[in-house]
Each structure stands twice: as C-alpha cells, then as structure tokens.
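Have a look at the model first, then read on.

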Amino acid sequence: MKTYLVGGAVRDRLLGIAVKDRDYVVVGATPEDMLRAGYRPVGKDFPVFLHPRTHEEYALARTERKTGRGYHAFAFDTDQSVTLEDDLRRRDLTINAIAEDEHGALIDPFGGARDLEAKILRHVSPAFAEDPVRVLRVARFAARYADRGFRVAEETLALMRGMVADGEVDHLVPERVWAETQKALSEKTPSAFLRTLRDCGALRVLFPEIDALYGVPQRAEFHPEIDSGVHTEMVVDMAAQLAPGNALVGYCALVHDLGKALTPKDVLPKHIGHEHRGLAPVEAVSTRYKVPAEYAALAHLVCKLHLLAHTALDLRPATVLGLFEQLDAFRRPERVEAFLIACEADKRGRLGQGESAYPQGDFLRRAFAAATAIGAREFVDQGLHGPAIGEAMRKARIDAIAAL
C-alpha cells in the first residue's frame, strides 16, 4: 500500500501557487484496508476516504470504462492491481496527471511538468473524449491560467471539436454546466472560458444566446471594440478585476447584453431597447442551467436597469428612487453594490476605457445611503398611519436624493 499526492496540489506547487486542498491516491489497497486503518468512506461512485485526522481525501487508484453517453456513464475498477500510472492516465490534462511520493519525488509519466513549463493545456490520452465535462474543465483552466500565458494545445482543441461534432456535449447535465461556469466566472480571465468554448464549437451548443452576440456590431463612438461578443468578453474580465472571485457579479456581466443579439438588422449598429429584449434570453439561460435564484434575479435586473445606472447623473430624484425600488434594495441592500459593480464593468469593459471613472456608481451609492437614512419612526411619531407612512417616507427619500 503506497500513497501519493496527486492533481492540483502538485500542479499548484510547481506553479508557485499556495496549495489549498490536497488529494491523495492509494495504490495496492482495498476498501477493507482503508477502513481498518481508520479512514471514513465518502465516495459514491468509487472508493474515496477521509483521513481520520487531517480529513483530506484519499482515493483508491482506479481505471474507468465508458458505458454510454454523458458524464455518469462509466464503470470503475479499483482492484489492488491498478497502478499509479493507470490512475494518472485517466485524468483530463497532463498538468493534472502529476504525482508526488512521500519523499517529494515527482512521478510524471505524461509530461505534465514539461507542459507547465511550456504553458500548455494538453489532454493526457484519447480517453479524454469520453467525458464531456472535460470540455468545460479545459475552458475553465484556460480562464484560470490565461494571465500566465497558458494556451490550449491544438490537438486538444481538435479533440474537443470532435466531441462537439459527435454530440457528446449535448449530454451534459445542467448542474455540471453551471458548476463549471460558476467556477470560470470566479477566475481571473473569464473571457478565456468563452473563447475556448467558442473555438471548439461548444459555446454555440451550451450558450447559443452568448454565441449569437459575436459579429453583432455596436456604435463605435460608444463601443470602440464594435463586436458585441468581444464586448461581453471585456465586461466579464472587468467584473473579475473589480470583484475578484465574485461569480454573482460575473454572471450578471455575462448575460447583461443578450438583447443585442435580437436587435433587428435594419437598425444596427444601434440597440435601442436591447435591455428589454434581453430579459427573455437571460431567463432562458438561468432556467436551463438551474442558476441559483439570486443569480437569476440580479442578472435579470442588471439586464433591465443597467442603462438607468449609466444615466444616473441625469435622472430625476424620483427615478433614482424607483431604480432602488426595482432592485428591492431596501429589503436587499447587498444587491446595490453587486448591481453597481456589474454596471461599472459594462461601462469600463470597452476598448480603451478600462481605466475610466464611473461617477454614476459613487452618486448612486450616496443616493442609496441618503434614502436608507429615512426611516418610518419619525412619521409614526408624527401620528401618521398605514399607507400615509409609506407615502411620506417616499417623498422624504426623493427630497434626500434631490439634496445631493
């Protein structure tokens, strides 16, 4: 029975990144051996155990055989005869197929350390094509390491294109698509996720509403990058810069302009009313991938209201208050900051405008603070009752915003 550190912990150490989670592979053991040693079983599909003291994951070395379509159609073998190399061969990318023994020596049969040095995301073996989730994982790793100069190997892209053409990607379950997308939106360069999926054809299958934005022109005086798809890439990257690791803001940025793909061709490059046309496709994406309720709700609001935020300095005080009311901000004050960051990402996610100011955000933050300072108590003390209290509060809040 031998134990090896594997996967992300080895990869990140070689990249000089702080290691957060450690996973281990155990070779030459049975489930009974692990139980006798005090490990606690947690694996559903194959034997995975938690260490009795550290609670880190230890999985028995395994091989897998595809039995049908999709992510779950695999049969696993965890016999004692399965070797470390057998286990590493079934992994997705060479950079994730490196192991380390108890002395710190690397076991790297597929050249993962070499690919780390060359900054290449490359599949381990043709078995990569058996699992459609790997298309999403490669795109997510592209988003994670794009700022370090990593690229997807051409032969891996070719394999991914074949998986799309074979219909393998069609069998991805919504929960896995969302899980990988949410993680990608938490990375430094989410645009690389979109580009990788688009390069292999998967964006058209999984997110046709986003794929449809590419090639749709915008007015150059407002959008020097012109292409709506390129603008979306720039917005998700700006969101990642303004709110690192915040997938909620990232999702709002991702879908905020879906209405531009539905603009009638005879009015292009103008997009009058795109914020309202975008509501149906935003709802379609959120429903299809069972997006969490608050993600879906705030994405809907960002799509609908982002132009109001951009024109905040020119709005009447009552309209500003109406914006907060549509956000349900007095019951959900945390929405205001996420909404404003997503709107700022939209404004700054344009060619040459990455360093521009967004005074609308500062104004709306002050306006919300002024409106929030108005409470019901003073009107109750004045002897008002029922709806009269709400009406008085609303007038006072409008006055407070006007005073700014």
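Predicted model: local features only at pLDDT ≥ 70, side-chain atom pairs only at ≥ 80, totals over all residues.

1. A word before we start: a residue is called buried when its relative accessible area is under 20%.

2. By the ring-centre rule, with centres within 6.5 Å, the count comes to 10 aromatic pairs. In one of them, the rings of Phe 141 and Tyr 145 sit 6.1 Å apart at their centres with planes at 20°, so this pair is stacked. Phe 141 and Tyr 145 are 4 residues apart in helix α5 (residues 133-145), and therefore about one helical turn separates them. Both of these residues are buried.

3. Tyr 251 and Tyr 295 make a tilted aromatic pair, with 6.4 Å from centre to centre and 50° between the planes. Tyr 251 belongs to helix α12 (residues 247-255) and Tyr 295 to helix α15, so the pair ties together parts 44 residues apart in sequence.

4. Elsewhere, one aromatic cluster is formed by Tyr 24, Tyr 39 and Tyr 58.

5. Now back to α15 and its packing. Helix α15 (residues 293-310) packs with helix α16 (residues 317-326) at an angle of about 170°, and their axes are 11 Å apart. Angles over 145 degrees count as roughly antiparallel, and α15 and α16 are therefore roughly antiparallel to each other. Their crossing is left-handed.

6. Which residues meet there? From α15 come Leu 301, Lys 304, Leu 305 and Leu 308, and from α16 come Thr 319, Leu 323 and Gln 326. The residues of this contact divide into 4 nonpolar, 2 polar and 1 charged.

Methods: Residues numbered from 1 in each chain as written. Heavy atoms only, no water. Axes fitted to C-alpha atoms, helices over the stretch in contact; angles between N-to-C directions. Helix = DSSP H or I, 4+ residues; strand = E, 2+ residues; numbered from the N terminus. Parallel < 35°, antiparallel > 145°, perpendicular 65-115°, else oblique. Left-handed = near helix turned anticlockwise from the far one by under 90°. Contact = heavy atoms within 4.5 Å. Nonpolar A, V, L, I, M, F, W, Y, C, P; charged D, E, K, R; others polar. Phe/Tyr/Trp six-rings, centres within 6.5 Å; stacked < 30°, edge-to-face > 60°. Buried < 20%, exposed > 50% of the residue type's maximum accessible area, 1.4 Å probe, protein only.
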